[in-house]
Amino acid sequence: MFTMPIPLRVLLVEDSQNDAVLLERELTRADYAVVCERVETAEALRQTLDKNHFDIVIADYSLPSFNGLQALAIIREVNADIPFLLISGTVGEEIAVSAMRAGANDYILKANLARIPSAVARELRQVRVRIEGRHALEALHRSEHRFRNLVEQATDSIVVHDFLGKIVDVNSRTCSALGYTREELVGRTISDIEATYTKERLTLLWKKIAAHGTMIVNGILRRKDGTHFPVEVNIGTFEADTEKLLIAIVRDVTERKRQEEALRRSEAQYRLLFESNPHPLYVYDNKTLEFLAVNEAAVKKYGYSREEFLGMNLRTIYSADDFIRFQKILRKPGDSNGGVDEQGEWKHFRKDGTLMSVEIISHPIIFEGKAAELVLSNDITEKVKAQEMKEKLIRDVSHELKTPIAMIEMAVDMLSRALEADNAGAVIRAHHIIDNNIKRLHKDVYTILDFSARTQGKGNVPQRRVRLRDIIEEIQNDFKDSAAHKGLVFTIKIDAFSARKQVFYNDIKTVLYNLVDNAVKFTSQGCVSVNIKKLVKGLQIQVADSGCGIEESNQKKLFLKFYKRHPSLPGTGLGLSIVREIVLTYKGTLRVDSKGEGQGCRITVVLPIGEQRRSDEKNSHRRR
Amino acid sequence: MKRILIVEDDRDMINIYKDIFTGTSNAFSIDYEVNAPAGLTKLERNDYDLIILDIIMEPMTGDSFFLYARNKERSKNTPILIVSVLSRELLEALRKMNHVRFVKKPIKKEDFLRSVNDALMLNNASIPSS
């Protein structure tokens, strides 16, 4: 088998050329590629050592100018590791021993040169081991140094302690964090620095760690000055020499706790804003359209419980047509256009199947890590209804105004014919019609303006005060004719005290006029009677008729704006709602009694008007 | 001589009708009724060639009167001339029914009399000549 020769640089301290050749031959035979340099003097030895590196030094003991032991001394000055073999022809045991003591690695007789290769091989091996060992040691030192630095400069406090809590070592971070010096800390126990320390708890904890390994626990540390701070501690065990110790890596979590608390607070605030918002709010997953959160207002408005909501998707609440429209405007996932989206008006289903009009404002958010939308759903059903009411009012009012205008036009036509025919009777009749209908126009326009002013809170213009008796006289005149024409018995009763009472003209006239007007309108035979009397709680106005009455289901609607039993009935539908507005201003009460259709009707208004109080109330109301 | 029933709750309007029909007493015999229920009673007792009807009335409205009238044997085919300020769209349903004409207030004497005559013709085809 062919083996690669091992390069070997040999420094030979030898005066005999023959011996040198012999030696070289032995080594070459042992498969060394020998590069040999031979020196004979101490001077040459020194120079050669400076210049070159050698794997091994082989020195003859007896030399002409110096000896092998002196050569050894020179070599060891320079290089402690290089193997040194001493060879000799005849050397005694003492020299061999002293050579070995001086640091020679082996001693070989010239008669036994065949031993040289094995000695060289052994020495080279040993020197390798020695060097490797030294490198390992150096590395160990370096790593220890590094480790120490690491520990020292760690931003975490590191505390080494035993199983009784006695502190064995700390890093400088521990000292700065706690306000102690290292010397003060080493030798103290954990109970001195852990505010929540109890012997039982920590002994148990340490036992667990010894059995199961590293654990992370929370604690509170006490500084030297007595202040505290929260920490998270990573505790493990390690073997030091023969002893098992605990190493605690302690992290100050004051800032983290503060941030967590701030986050919790802001989340709580957000939740509160979400939950207590008077508008229905919900959050849905942009991909699956499933509800992720709903607030209390949404639960109330839609009629679904929270649990039901969270098991549904948007499809459930949208009407079919609107859902198709909705899908078209749905924000695509990844659409970075993250603005508030006013989506306008939609029809949403409640749980009970009824539809409501809602105005949707949508805003993209990240909710529980999902792309979601926060939606404000504002119920505008009432607004839409009010708009419809307004349109109806305009329709009704224009009809109501058209009638007297048409009457006047026809009367003018009649008048011109009467004048042409010189018919005095017809002139008088036409004049009468014109007069009546101008009054009617006045009344209607006043009602509309009064209603508009009162519903907009502008009704509290200064009013003149009159005796109630004066208003009663006016009412008597206003309805005398129309009641008589229908053959109705129209009576007004009032007690003497109330008749003298000072009241606000506009308010009381409007209440009485509308109540009586309504009663006369809906009574075709029998009577309409007004009864006014003083009660302990105030002034009671009662208007009763024997007219068509009103069924119970409609009694509540009677005072609603624009309510009319039938669209073909005359009037603006405003009169009784104005009465209601006025009664509310006075904090009074209003009651309808009717046994049903055709059974007549009685409306009772009680206004808590005291001697002085009402005017105060009115004044304070007016100032608002 | 044509018999006409006018149901109108406004006294002023009745005066206008009276003025319009002045001098037509040879052609028309007119009953005035200010109260729709009383008008229905009249329909039960008499045969009329034409009913002139107001819509906005109380307590019974003209459209209710219309339906009652159409359900009475004597008046089920009687031509009805509706005189109202109400817009046409609201009266569309009534107009589609048989023997109904509609005139919008205000009315002028000549135009109105023409409408009355037109309305009177409505029933000629269906009433057996007597």
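Reply: Start with burial: a residue counts as buried when its relative accessible area is under 20%. Keep in mind that this is a predicted model.

Me: Is A:Phe291 buried or exposed?

Reply: A:Phe291 has a relative accessible area of 3%, so A:Phe291 is buried. A:Tyr282 is buried as well, at 1%.

Me: How is a pair of aromatic rings described?

Reply: Two quantities are used, the distance of the centres and the angle of the planes. Over all chains, a search of the whole structure gives 18 aromatic pairs. One involves A:Tyr282 and A:Phe291: their ring centres are 5.2 Å apart and their planes stand at 80°, so this pair is edge-to-face, the cut-off for that class being over 60 degrees.

Me: Which residues do ring pairs link into a cluster?

Reply: The cluster includes A:Tyr282 and A:Phe291, together with A:Tyr284, A:Tyr302, A:Tyr304, A:Phe309, A:Tyr318, A:Phe323, A:Phe326 and A:Trp346.

Me: Now helix packing. At what angle do the axes of H2 and H3 of chain B cross?

Reply: The axes of H2(B), residues 36-45, and H3(B), residues 62-70, cross at roughly 20° and come within 10 Å. Angles under 35 degrees count as roughly parallel, so H2(B) is roughly parallel to H3(B). The crossing of H2(B) past H3(B) is right-handed.

Me: Which residues meet there?

Reply: From H2(B), B:Ala36, B:Gly39, B:Leu40 and B:Leu43 meet B:Phe65, B:Tyr68 and B:Ala69 of H3(B). Sorted by class, this contact of H2(B) with H3(B) has six nonpolar residues, one polar and no charged ones.

Terms used: Residues are numbered from 1 along each chain as its sequence is written. Chains are lettered from A and ligands numbered from 1 in the order in which they are written. This is a predicted model: local features need pLDDT of at least 70, side-chain atom pairs count only at pLDDT 80 or more; totals for chains, interfaces and linings use all residues. Side-chain values use heavy atoms; hydrogens and water are left out. Axes are lines fitted to C-alpha atoms, for helices over the stretch in contact, and angles run from 0 to 180 degrees between N-to-C directions. Helices (H or I, at least four residues) and strands (E, at least two) are DSSP runs, numbered from the N terminus. Angles under 35 degrees count as roughly parallel, over 145 as roughly antiparallel, 65 to 115 as roughly perpendicular and the rest as oblique. A crossing is left-handed if the near helix is turned anticlockwise from the far one by less than a right angle, and right-handed if clockwise. Contact means heavy atoms within 4.5 Å. Ala, Val, Leu, Ile, Met, Phe, Trp, Tyr, Cys and Pro count as nonpolar, Asp, Glu, Lys and Arg as charged, and the others, Gly among them, as polar. Rings of Phe, Tyr and Trp (its six-membered ring) pair if their centres lie within 6.5 Å; planes under 30 degrees apart count as stacked, over 60 as edge-to-face and the rest as tilted. Buried means under 20% relative accessible area, exposed over 50%, partly exposed in between (1.4 Å probe, protein chains only).
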